[in-house]
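Reader: I would like to know what the labels used for this chain rest on. Please take them one at a time.

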Amino acid sequence: MSTRRFFAVALVVSLLVAGVASYYASSHPDGLEYVAEQTGFLDSAEDSATSDSPLADYQTSGIDDDRLSGGVAGVVGVLVMLALSTGLFWVIRRREPRDAPDRTEA
């Protein structure tokens, strides 16, 4: 399998997991929220500084269906990470090593 095909298949699988598998994710609170609820200090929690962001709490603002909203947030997250990691890889790859010999001499 070629590298390009491998990355294409990995991207499709990542998008499917983020968009489809998140549809079946549990709606129960995570471990920390559960313990906070059981011990009685859940009400003392404060909202984070990013609680008003478009993808806060693994949901997409503006979409009323919770499962669809979570799937869209997952797909957007995969695409943002793809763009960031591709950009970082491109910058690192283009950087010339300091100790590299001059390529014009041959």
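Author: A nonpolar patch takes residues with over 30% relative accessible area and no salt bridge, and joins nonpolar side chains within 5 Å. The model here is a predicted one. In it, M1, F6, F7, V9, V13 and V17 form such a patch on the surface, and together they have about 640 Å² of accessible area.

Reader: Why is V17 called partly exposed?

Author: The relative accessible area of V17 is 49%. Buried means under 20% and exposed means over 50%, so V17, at 49%, counts as partly exposed. V17 is placed in helix 1, residues 3-19.

Reader: What makes helix 1 roughly antiparallel to helix 3?

Author: Two packed helices are described by the angle and the distance between their axes. The axes of helix 1 and helix 3 (residues 66-94) cross at roughly 150° and come within 7 Å. Angles over 145 degrees count as roughly antiparallel, and therefore helix 1 is roughly antiparallel to helix 3.

Reader: Which residues meet between helix 1 and helix 3?

Author: From helix 1 they are L11, S14, L15, A18 and G19. In helix 3 they meet G70, G71, G74, V75, V78, L79 and L82.

Reader: How many helices and strands are there in the protein chain?

Author: The protein chain has 3 helices and 0 strands, and its elements run α-α-α from the N terminus on.

Reader: What share of the residues counts as buried?

Author: Of the 106 residues of the protein chain, 8% do. The accessible surface of the protein chain comes to about 9400 Å², with 60% belonging to carbon and sulfur atoms.

Conventions: Residues numbered from 1 in each chain as written. Predicted model: local features only at pLDDT ≥ 70, side-chain atom pairs only at ≥ 80, totals over all residues. Heavy atoms only, no water. Patch = residues over 30% accessible without salt bridge, like charges linked within 9 Å, V, L, I, M, F, W, Y side chains within 5 Å. Areas by Shrake-Rupley, 256 points an atom, 1.4 Å probe, with all protein chains shown as cover. Salt bridge = Lys/Arg side-chain N within 4 Å of Asp/Glu carboxyl O. Helix = DSSP H or I, 4+ residues; strand = E, 2+ residues; numbered from the N terminus. Buried < 20%, exposed > 50% of the residue type's maximum accessible area, 1.4 Å probe, protein only. Axes fitted to C-alpha atoms, helices over the stretch in contact; angles between N-to-C directions. Parallel < 35°, antiparallel > 145°, perpendicular 65-115°, else oblique. Contact = heavy atoms within 4.5 Å.
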